[in-house]
Amino acid sequence: MQYKKRIRLGILGAGTVGQSLIKIIEKEQNRILRNHGISIEISKVGDRSFEKKEILKKYNCTKNLNEVIEDKEIDIIVELIGGIEPARELIIKAIENHKSIVTANKALLANHGKTIFELIKQKQQNNIPITIGFEASVGGALPIIKNLRRMWSFGNIHSLVGILNGTCNFIISKMEEGLEYQEALKLAQEKGFAEADPTFDVSGKDAGQKLAIISSLASGCWIEEKDIIIEGIEKIQKIDHEIAQKWGMVIRLIAISRFYHDQLLLRVHPALISKNHLLADVRNEYNALFVEEEYSGSTFIVGKGAGGFPTASAVLADIVSIASGSKNLWFQEFGSTKLIQDADYRFYLRFQTIDKPGVLAAISRVLADFNISIASMHQEEGEEPVNVVIFTHECKESAISRALEVINQKKEIILAPTIVLRVFH
Ligand SMILES: NC(=O)c1ccc[n+]([C@@H]2O[C@H](COP(=O)([O-])OP(=O)(O)OC[C@H]3O[C@@H](n4cnc5c(N)ncnc54)[C@H](OP(=O)(O)O)[C@@H]3O)[C@@H](O)[C@H]2O)c1
């Protein structure tokens, strides 16, 4: 079959995503040729343990990744090794060698994206027709990046609220069904939804890196991981889900980017959400993003946010788009924005206390000292520690943390650190 364009790929890293990409290319090569007139060839694969990988036997492989980025025949470097180094150094060198880049590496983009994008912009200004595709770095196969770059690129984005980590969402969903945190984590590991060391996911860091990337696109200002206040799901217990359900809510780890005139609120944290919110219906390993934008109104995207094939399909979509001539132009100048450090929320506080008169009075006195007004108070029946749950009216995050510092010191009545969750509205 005739082709309009021949594209030669250099793939760095043939692990979960890399091997899935190779499998899709092998299977769908003819369809891509038929539909797009593009012939995709895998010219070289760089991987440190390529000999052990059956699928790589028929490809030209090397352990020396520099050999791939220096190959003059290669048009697009597909970076799938992950992590910061040597991925950063290799991508920069590949751009200097006038290669377009496709990557799924959120850690790299959330920490060094600015340097990489500015370098590409510089090359484009010197008429070197290269670009970068990174759809797979946020939400796997969910069309988030392409919509931020096109569909939502001209109006004002008011907010992005997402469930951006499938591991956390799976654990939370199973806790909602009655498992304790450790049981839910174990199940996630057995099903391949959590790593042996789950810290990166359960700490909220993974969702934070993704939020940094999409917030940069939405705001036109470069946002890095360090700009985001991040809290994970490790401290939540089954009882918090039970209480949430009693109050018509569910708990989700949400990533929020909300624009207030010239200020930006960036947070990743578990939150109580009304059962009626669309995000409450996102369960198990699913990811989702809820976008509010000036012209398109509210949009909700949901789907599988990770896994070999979903992620590789997003990588391949970027390859086809670049091969079809898209230059994916960048926001031309990076602006700066003021980050909101201390936001107003309603809070859920679960105190774990002794069972004696005077406890509620002692807690409410400290809350009053910090100007925190109580919306409702409820004591769960049971053995010590007794769960005393308070929903506050809106108050500053800083007021809550200062009040809890004082309350948690009251060892004579408080038996374990207080669980704090924001109420999402
Ligand atoms: N997996 C997902 O569901 C998913 C979803 C979205 C985004 N991503 C992103 O996609 C990227 C790849 O993820 P993955 O899950 O495919 O990772 P992976 O399974 O660990 O694959 C990485 C591959 O690169 C090789 N490699 C790593 N460092 C290398 C080095 N310095 N030199 C040579 N080879 C090296 C590894 O070799 P060994 O086999 O010897 O370790 C492995 O084959 C990451 O940036 C990740 O964040 C993944």
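Predicted model: local features only at pLDDT ≥ 70, side-chain atom pairs only at ≥ 80, totals over all residues.

Trainee: Ok. What domains is the chain divided into?

Mentor: Domain 1 covers 5-137, domain 2 covers 145-304 and domain 3 covers 344-423. Those bounds come from an automatic or database domain assignment.

Trainee: How far apart are the centres of domain 1 and domain 3?

Mentor: Their C-alpha centres lie 51 Å apart.

Trainee: What is the order of strands in the open sheet of six?

Mentor: The order is S3-S2-S1-S4-S5-S6, with parallel pairing. Two strands pair if DSSP finds at least two bridges between them. Strands of a sheet pair through backbone hydrogen bonds, either parallel or antiparallel.

Trainee: Which are the edge strands?

Mentor: Strand S3 (61-62) and strand S6 (132-133), each of which pairs on one side only.

Trainee: And how many bridges join S1 and S4?

Mentor: Four, in the parallel sense, between S1 (residues 5-12) and S4 (residues 76-79). For a pair to look up, Gly10 has Ile77 in S4 as its bridge partner.

Trainee: Changing topic. Which residues come nearest to the ligand?

Mentor: Gly13, Gly15, Arg48, Gly82 and Ala104, out of 22 residues around the ligand. A residue is near a molecule or strand if its C-beta atom, placed from the backbone, lies within 6 Å of it.

Trainee: Which helix gives the largest share of that shell?

Mentor: Helix H1 (residues 16-36), with three residues.

Trainee: What does the shell look like by class?

Mentor: It has nine nonpolar, 10 polar and three charged residues. Here Ala, Val, Leu, Ile, Met, Phe, Trp, Tyr, Cys and Pro count as nonpolar, Asp, Glu, Lys and Arg as charged, and the others, Gly among them, as polar.

Trainee: Now H6. Is it mostly covered or uncovered?

Mentor: Helix H6 (residues 166-176) is mostly covered, with 10 of its 11 residues buried. Buried takes 20 or more other C-beta atoms within 10 Å of the residue's own, exposed takes 12 or fewer, and partly exposed is in between; the C-beta atoms are placed from the backbone.

Trainee: What covers it?

Mentor: The cover of the buried residues of H6 includes strand S7 (157-163), helix H7 (181-190) and strand S9 (249-260). Contact is counted when two C-beta atoms, placed from the backbone, lie within 7 Å. After H6 comes Gly178, with a positive phi near 120°.

Trainee: H4 looks bent. Where is the kink centred?

Mentor: On His112, with a kink of about 85° in helix H4 (residues 106-125). The bend at a residue is the angle between axes fitted to the seven residues ending there and the seven starting there. Among the buried residues of H4 are Leu108, Leu109 and Ile116. The buried residues pack against helix H3 (87-96), strand S5 (100-103), S6 and helix H9 (205-219).

Trainee: Why is S16 called largely enclosed?

Mentor: Because five of the seven residues of strand S16 (residues 386-392) are buried. S16 pairs in the antiparallel sense with S14 (residues 344-353) over six bridges, and with S15 (residues 374-379) over five bridges. Gln379 stands opposite Val388 in S16.

Trainee: What is between S15 and S16?

Mentor: Six residues, as the two strands form a hairpin, and Gly382 in the turn has a positive phi of about 150°. Pro385 lies in that loop too, and the peptide bond from Glu384 to Pro385 is cis, with omega near -5°.

Trainee: Where is the other cis bond?

Mentor: From Glu85 to Pro86, with omega near 5°. Pro86 is in the loop between S4 and H3.

Trainee: Last one. Why does Asn127 count as exposed?

Mentor: Because Asn127 has 6 C-beta neighbours inside 10 Å. Asn127 sits in the loop between H4 and S6, and its phi is near 60°, a positive value in a residue other than glycine.

Methods
Residues numbered from 1 in each chain as written.
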